Amino acid sequence: MIATFLIGTLLISTLLFFNKNTILNYVLVIGYTILLWILGFYEYNHINTIELEYFKPDALGVLLLFVMCIVSIPAFYHSYRYLSTHDETPRSRGIFFASMVMLISACSMAYISNHIAVTWIFVEITTLSASALIYHHRNIRALEGVWKYVFICALSISFIYIGILFLSLAMKQAGIEDMSFDSIMEHYDLLNLFWLKLSFLFIFTGFTAKIGLVPMYTAGIDAKDKAPAPAGALLSSVLMNMGFVGIYRVYAVVSHTQIQHWASVIIIISALLSIFVATVYMTRIKNIKRMFAYSSIEHMGIVMLGLAVGGIGVYAAILHIILHTFVKTSLFFQFNQIYRVYQSKSIYDVGHYFKYNKAGAIVILLGFISATAMPPSGLFISEFLIFQSLFEAHYFLILIVVLILLTMIIWGFGSNIFKLLFTPPMNINESRIPKINPIDSVSQYILLAMAVYLAYNPPAEFVNLIQEAVKLIQ
Amino acid sequence: MSIANRIYTYINILIFQGFILFGVAYFSLSEINTLNLILILLETIIFKALAVPLFIKYLIKRNKITREAEPYLPNFISLIIVTTVIIVTIIMSSSIDDKNLDKTYFVVALSNLFTGLYLIVSRKKIITHVIGYLVIENGVFVLALAVGNEMPMLVNLGIMLDIFASVLILGIFFNKIGDFLKDPDATFLRNLKD
């Protein structure tokens with residue numbers, strides 16, 4: 001099935017790239033979505049079976065693959081809406097969809113790969129396809145964004161590669177040849193701890209560019225700002241999940257060895273700094289899209305805290321990353337309509353959104369409540385569980401610092417969102433504001449509702465899969 | 001390399017490094033199969049030593065980039081920093097006790113890595129950032145050679161990284177940056193911030 005999927009992806013993206021016909025473009029994208037869903041169900045039914053030697057869909061991979069399937073449908077729909085309002089040529093539309101298909105496929109393959117080198121190759125492909133999406137508008141700002149993104153990502157994949165080399169040194173002493181995650185897991189007690197330490201450090205630093213943590217988070221912010229909003233939604237959700245998978249699989253090996261405590265300290269430092277950086281920018285930021293991007297940085301920091309502390313925190317981290325995917329994509333999809341109303345990203349030019357687009361304004365309000373983890377939102381449950389795990393592990397100081405920082409983030413986020421929703425805008429020409437169709441907001445409502453449903457009334461199968469994934473670490 | 005003022009000096013050093021890597025790969029990868037060895041040698045000589053440096057030269061001419069490297073810090077301080085880096089890596093590697101690793105490779109690789117990072121942060125021009133990245137790549141390649149006899153797959157992956165990253169960075173974007181602007185310094189790419 002994976003071979004079929006890879007061949008299908010290559011075929012569809014090549015056809016999308018060269019095709020100029022609108023109908024054929026629709027057919028190809030719908031065909032790809034169906035292929036992706038078939039892959040999702042197939043891997044769910046063949047969980048933990050090795051395919052093509054290098055792929056093994058385990059619980060974590062299958063969960064995130066399903067999340068990808070769900071998010072891909074609104075992503076394609078909003079891409080069409082985006083392109084139809086921007087007078088695109090068939091050529092730029094073809095490049096856009098071809099690279100989106102490549103991005104989604106590369107992320108999916110990285111989720112379910114069972115070999116660190118194969119994961120690494122797909123990380124490279126995501127860099128390539130994401131840069132084509134960021135550079136969609138072909139202007140100087142987009143060029144700056146894509147240049148920074150490519151440069152930092154090139155550095156980050158070099159770092160991951162160095163980490164893989166050190167990992168091979170760690171395995172050399174034990175005489176292990178096979179670099180698949182399964183075989184490393186099996187022989188974790190034979191690994192040389194010094195090389196394993198160095199290897200974890202480099203691989204973690206490399207993946208921070210994808211997941212969006214200190215030190216390499218910077219490139220992702222500019223990328224999400226300059227990429228078209230539907231592409232930005234993918235960059236700040238499924239691509240970040242890919243970084244999470246990479247770190248999770250390496251940390252799973254490390255967590256069984258004696259250096260587990262050392263590794264968790266590294267992760268906690270990086271997570272705390274990420275939340276701190278997000279707080280600093282969120283309290284003074286004036287660009288709505290960048291604000292959403294920084295909010296993702298904050299959530300990834302919280303996820304990493306849960307992962308590092310362990311206990312119930314690992315379960316909560318996986319739950320949190322899934323719910324965050326739904327919430328953040330819905331906010332990014334909604335951003336397109338804000339831009340259509342005000343023709344600006346700056347908080348100074350917007351206001352009274354309730355008056356111009358009621359359905360969209362409610363999405364923004366609900367999205368704000370969800371993203372700040374206030375009680376009716378699903379993220380409240382996962383965040384609460386992470387705080388509980390911090391409390392149980394006696395990390396009181398960290399808990400207090402994080403709570404204070406989160407309060408400041410809620411203040412910064414809230415003051416901008418309420419300005420957007422309720423304060424009257426300055427110098428706005430009301431006759432030029434287009435009428436927004438409420439149907440464009442339907443997918444956002446569904447995504448937000450799913451985030452609530454999965455947190456408060458999770459299906460038994462969903463909980464089983466998460467528990468299965470947690471077993472890798474404990 | 002850290003104290004050179006003219007960009008052409010940097011390019012000449014890159015060419016030199018490419019030839020050294022060719023020699024090192026030839027002597028150290030003795031147990032690898034012949035076809036793979038030929039591929040690796042061709043990559044070092046054609047790609048690392050000739051194609052990329054010459055392409056950078058062409059870019060500099062075409063985009064009329066000034067030939068000064070424009071460091072942020074005086075050369076004397078750079079010299080001290082880079083020397084310290086090399087000494088620290090030597091001391092660090094002497095504390096490692098592992099018979100599987102040739103320490104020379106380790107020292108060369110790490111000092112190349114840090115020198116490259118230093119070049120990136122201490123120079124104004126984008127082209128010198130790219131050169132810094134290529135220096136890091138060369139360091140990584142040396143490290144790959146250290147484990148290459150047992151795991152040729154990793155060396156091949158390294159070659160893939162080389163080609164992929166260099167083509168992506170140099171081929172597509174530097175060309176475009178040259179099209180947009182006549183003076184491609186890093187200073188103008190400073191609009192995206194908060």
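How far apart do the C-alpha centres of domain 1 of chain A and domain 2 of chain A lie? They lie 22 Å apart.

1. Basis. This is a predicted model, in which local features need pLDDT of at least 70 and side-chain atom pairs count only at pLDDT 80 or more, while totals for chains, interfaces and linings use all residues. Residues are numbered from 1 along each chain as its sequence is written, with chains lettered from A and ligands numbered from 1 in the order in which they are written.

2. Domains of chain A. Domain 1 covers 1-256 and domain 2 covers 259-474; such bounds come from an automatic or database domain assignment. Between them, 43 residues of domain 1 of chain A are in contact with 43 residues of domain 2 of chain A (contact: C-beta atoms, placed from the backbone, within 7 Å).

3. The domain 1 side. Helix 3 (59-84) of chain A gives the most to the side that touches domain 2, with 11 residues. Helices that each supply at least two residues include helix 8 (193-211), helix 9 (218-226) and helix 10 (229-235) of chain A. Helices here are DSSP runs (H or I, at least four residues; strands are E, at least two), numbered from the N terminus. By class, this side of domain 1 of chain A has 29 nonpolar, 10 polar and four charged residues. Ala, Val, Leu, Ile, Met, Phe, Trp, Tyr, Cys and Pro count as nonpolar, Asp, Glu, Lys and Arg as charged, and the others, Gly among them, as polar.

4. Chain A against chain B. Here 29 residues of chain A are in contact with 29 residues of chain B. The largest share of the chain A side, 21 residues, comes from helix 6 of chain A, which spans 140-174. That side of chain A has 18 nonpolar, four polar and seven charged residues.

5. A helix pair in chain A. Helix 4 (residues 90-112) and helix 11 of chain A pack at an angle of about 25°, with axes 9 Å apart (axes are lines fitted to C-alpha atoms over the stretch in contact; angles run from 0 to 180 degrees between N-to-C directions). Helix 4 of chain A is therefore roughly parallel to helix 11 of chain A (under 35 degrees). C107(A), A110(A) and Y111(A) of helix 4 meet V238(A), L239(A), M242(A) and V245(A) of helix 11. This contact has seven nonpolar, no polar and no charged residues.

6. Chain B. Its secondary structure comes to six helices and zero strands. Buried residues make up 36% of the 194 residues in chain B (buried: 20 or more other C-beta atoms within 10 Å of the residue's own, with C-beta atoms placed from the backbone).

How values were computed: Contact = placed C-beta atoms within 7 Å. Parallel < 35°, antiparallel > 145°, perpendicular 65-115°, else oblique. Buried ≥ 20, exposed ≤ 12 C-beta atoms within 10 Å, placed from the backbone.
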